[in-house]
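Here's a quick briefing on the model shown below. Have the viewer open while you read.

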Amino acid sequence: MITKKEIVAIVVLYNPDNQVYKNISSYKGIVNRVILVDNSPKNNKKLFQKLSYVKYIPLLDNLGIAYALNRGIKESHEKYILTMDQDSSISAELLIEYLKFLNREKDNTIGAITCQYNTDRRPQKPTLGWKKVKLSMQSGTLFKRSTFQKIGYFNEDLFLDVVDYEYFLRMNKAGLQLIRLNSAVLNHQPATTKILKIGPIKLKYGVASPTRYYYQARNLFWTARKYEDVTLYINLLVKWLKIVLLFDNKEKYLQCFSKGIRDAKNKKLGKYNEYRK
């Protein structure tokens with residue numbers, strides 16, 4: 001019988017505030033414990049010192065989401081690892097659905113289970129059933145420790161975006177399944193949402209910084225090429241079209257986007273440096 005005592009939550013932080021503290025407070029009683037890995041330039045231990053179930057690890061520099069996740073995984077011992085972003089809200093119902101599935105399904109080829117994502121741009125509600133999927137987000141996904149033991153950790157060279165997609169494609173290549181539970185829903189807040197009104201139609205779309213679009217372009221192209229994945233190429237095209245059709249300051253975004261593609265072709269990964277040739 002698998003219980004919450006066998007689950008650790010690893011949350012990557014970056015300049016956390018009181019809202020993040022509230023999110024972390026909600027983990028009490030839902031998982032065995034929480035490991036916070038902080039990519040902020042300063043130590044934020046005081047913010048979380050009242051939470052006895054939390055282990056706080058300050059990195060004192062932004063070393064990337066992949067490094068932070070890997071550090072948390074290596075600092076833990078539980079059989080199941082729930083990875084989370086700092087601004088995603090967890091619920092007891094999410095873990096209950098995960099545990100019900102794990103205790104019902106004993107398939108050794110399952111590498112991780114994931115959820116539906118409820119956002120302001122795409123609302124989702126719990127439904128019945130589950131589905132084998134190829135890609136998802138790492139936030140809210142529950143990994144088996146044996147998955148990391150079999151295929152390794154997150155790719156730290158990617159640094160930021162597409163870290164999850166690359167890992168799930170690697171899982172798939174190794175014959176490990178990613179299962180999405182339709183009954184499990186996570187409240188998630190990706191990027192900033194803007195609304196474009198076209199008559200009675202409201203088009204909601206996400207906007208991030210030019211630097212994020214550098215990472216997205218670079219890592220999508222590099223990963224798509226490595227795994228020969230058409231879905232990621234389509235994703236890349238959609239992001240380029242969003243810039244061209246919807247964004248302000250298109251020149252800066254397209255400059256970063258193009259640089260990302262060039263660096264991917266030249267296998268220049270790691271942390272972004274806008275002055276790098």
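This is a predicted model: local features need pLDDT of at least 70, side-chain atom pairs count only at pLDDT 80 or more; totals for chains, interfaces and linings use all residues.

Let's settle burial before anything else: a residue is buried under 20% relative accessible area, exposed over 50%, and partly exposed in between (1.4 Å probe, protein chains only). Residues are numbered from 1 along each chain as its sequence is written, and side-chain values use heavy atoms, with hydrogens and water left out. Helices (H or I, at least four residues) and strands (E, at least two) are DSSP runs, numbered from the N terminus.

**Aromatic pairs**

- Rings of Phe, Tyr and Trp (its six-membered ring) pair if their centres lie within 6.5 Å; planes under 30 degrees apart are stacked, over 60 edge-to-face, and the rest tilted.
- The count by this rule comes to 19 aromatic pairs.
- Take phenylalanine 148 and tyrosine 167: they form a tilted pair, 5.3 Å centre to centre with 35 degrees between the planes.
- Phenylalanine 148 sits in helix H5 (residues 145–151) and tyrosine 167 in helix H6 (residues 163–173), so this pair ties together parts that are 19 residues apart in sequence.
- Both phenylalanine 148 and tyrosine 167 are buried.
- Then there's tyrosine 213 with tyrosine 253, an edge-to-face pair at 5.6 Å centre to centre and 85 degrees between the planes.
- Tyrosine 213 belongs to helix H7 (residues 210–227) and tyrosine 253 to helix H9, so here the parts tied together are 40 residues apart in sequence.
- Tyrosine 253 counts as buried, at 9% relative accessibility.
- Ring pairs also link Phe143, Phe148, Tyr153, Phe154, Tyr167 and Phe168 into a cluster.

**Helix H7**

- What span should H7 have? With 18 residues at 1.5 Å a residue, it should span 26 Å, and its end C-alpha atoms are 26 Å apart, which agrees (the expected span is 1.5 Å times one less than the number of residues).
- H7 is largely enclosed by the rest of the structure, because 14 of its 18 residues are buried.
- Just after H7, glutamate 228 takes a positive phi of about 50 degrees.

**Nonpolar cores**

- A nonpolar core here is a set of buried Ala, Val, Leu, Ile, Met, Phe, Trp, Tyr and Cys residues joined through side-chain atoms within 4.5 Å.
- The largest one has 47 residues, and Phe154 and Met171 touch the most other members.
- At least two residues of this core come from each of strand S1 (7–13), strand S2 (33–38), helix H3 (65–74), H5, H6, H7, helix H8 (230–246) and H9.
- H7 gives the largest share of this core, 7 residues.
- Apart from it lies another core, of 36 residues, including Leu13, Leu36, Val54 and Leu95.
- Beyond its neighbours within four places in sequence, phenylalanine 154 is in contact (heavy atoms within 4.5 Å) with Ala66, Leu69, Asn70, Ile73, Phe143, Phe148, Val163, Tyr167 and Arg170.

- Asparagine 70, found in helix H3, is buried, with a relative accessible area of 2%.
- The asparagine 70 side chain makes a polar contact with the side chain of glutamate 156 (3.0 Å).
- Glutamate 78 is in the loop between H3 and strand S4 (80–85) and is buried as well, at a relative accessible area of 3%.
- The side chains of glutamate 78 and arginine 33 are joined by a polar contact of 2.7 Å.
- Not counting residues up to four places away in sequence, glutamate 78 touches Lys5, Glu6, Ile7, Val8, Asn32, Arg33 and Arg145.

**After H9**

- Asparagine 266 lies in the segment after H9 and counts as exposed, at 53% relative accessibility.
- Leucine 269 lies in the segment after helix H9 (250–265), and is buried, with a relative accessible area of 17%.

Notes
A polar contact is a pair of N or O atoms within 3.5 Å; within protein, one must be able to donate a hydrogen and the other to accept it, and residues adjacent in sequence count only if both atoms are side-chain atoms.
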